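Colleague: I would like to learn how to read a few local features of a model, one at a time. Could we go through them with the structure in view?

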Amino acid sequence: MKRVLITGKDSYIGNSLEKWLEKYPDNYKVDTVDMKDGSWKKKDFSEYDVVFHVAGIAHVSADPNLEALYYRVNRDLAIDTAEKCKKEGVKQFIFMSSIIVYGSSSNGGVIDRNTIPTPSNFYGNSKLQAEEGIKALESDDFKIVLIRSPMIYGKGSKGNYPKLANIAKKVPVFPNIDNRRSMLHIDNLCQFVKVMIDYEESGLFFPQNKEYVKTGEMVRLIAEVQGKKIWMTRIFNGLIRIVGLKVKLINKVFGNLVYEQSMSSYDKEDYRVRDLRESIELTEK
């Protein structure tokens, strides 16, 4: 039996993984710990085989007053936790990083293994610096897994997905632009983390859904699952492309940002248990 500690009590990803692993009571014992009040420093980590670190600030902010907080939480707290794990004999440390470390990727928005991270904000930079500090602690007895996930979505998730879902339920028309985004449904992520634990992995990983997501197609699927009719049109495409060059939000919604597919395959076991349509149905039901 693997003993797993999730740092980040009541976090969306942490709660989801806890429920996922609870389906296998003979294989995993899962605990969570709150990282906000400092009490985690007194907790005995030596009884755990794996620590899954999800505690952090998850969304981008441009407020310069928050920069120090991002580094303190996303970088310093992560490294301090990893150091405690290594000191107390934890065998594997799994860190949730993000595609955000690549900033606005060049090469048409396609990231491959040769793409060098170039964070465009302090959120991305705090994650990248955390990766570097954690990776330096790796040894034969202390395995490190770094997960640079794309946008995660699922029932109860926050971020851009619920905003798109809200639009899909209200508007009769939506732009039909042929963009591509890498995304990761929460069940696929949870299964991926389970696989990392099962095979006692170490390294840098880029999990994503099997399919790239086209923003318009996702909105259409959400509307369909909700029993709504929505008309997809290319009338606004030219204007959106022009505006997207200047407005980051438009580019984020309709631009391209994908991992090259071979980066995300895992030969030992297929972790992608949900396809796009099923993931939308599970999220919207």
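Colleague: In which loop is the place of phenylalanine 236?

Modeller: This is a predicted model, and in it phenylalanine 236 lies in the loop between β11 (231-233) and α7 (237-244).

Colleague: Is phenylalanine 236 buried, partly exposed or exposed?

Modeller: Buried means under 20% relative accessible area and exposed means over 50%, with partly exposed in between. Phenylalanine 236 has a relative accessible area of 41%, so it counts as partly exposed. Together with Trp231 and Ile235, Phe236 forms a nonpolar patch on the surface, and the accessible area of these residues together is about 370 Å².

Colleague: Where is glutamate 284 found, and which residues does it touch?

Modeller: Glutamate 284 belongs to helix α9 (residues 276-284), and its relative accessible area is 12%, which means that it is buried, the cut-off being under 20%. Leaving aside residues up to four places away in sequence, glutamate 284 touches Tyr161, Ala165, Lys169, Ile222, Val225 and Gln226.

Colleague: Why should helix α5 span 18 Å?

Modeller: The expected span is 1.5 Å times one less than the number of residues. Helix α5 (residues 186-198) has 13 residues and should therefore span 18 Å, and the 18 Å between its end C-alpha atoms agrees with this.

Conventions. Residues are numbered from 1 along each chain as its sequence is written. This is a predicted model: local features need pLDDT of at least 70, side-chain atom pairs count only at pLDDT 80 or more; totals for chains, interfaces and linings use all residues. Side-chain values use heavy atoms; hydrogens and water are left out. Helices (H or I, at least four residues) and strands (E, at least two) are DSSP runs, numbered from the N terminus. Buried means under 20% relative accessible area, exposed over 50%, partly exposed in between (1.4 Å probe, protein chains only). Contact means heavy atoms within 4.5 Å. Patches are made of residues with over 30% relative accessible area and no salt bridge: like charges are joined within 9 Å, nonpolar side chains (Val, Leu, Ile, Met, Phe, Trp, Tyr) within 5 Å. Accessible areas come from the Shrake-Rupley method with a 1.4 Å probe; for residues, only the protein chains shown count as cover. A salt bridge is a side-chain nitrogen of Lys or Arg within 4 Å of a carboxyl oxygen of Asp or Glu.
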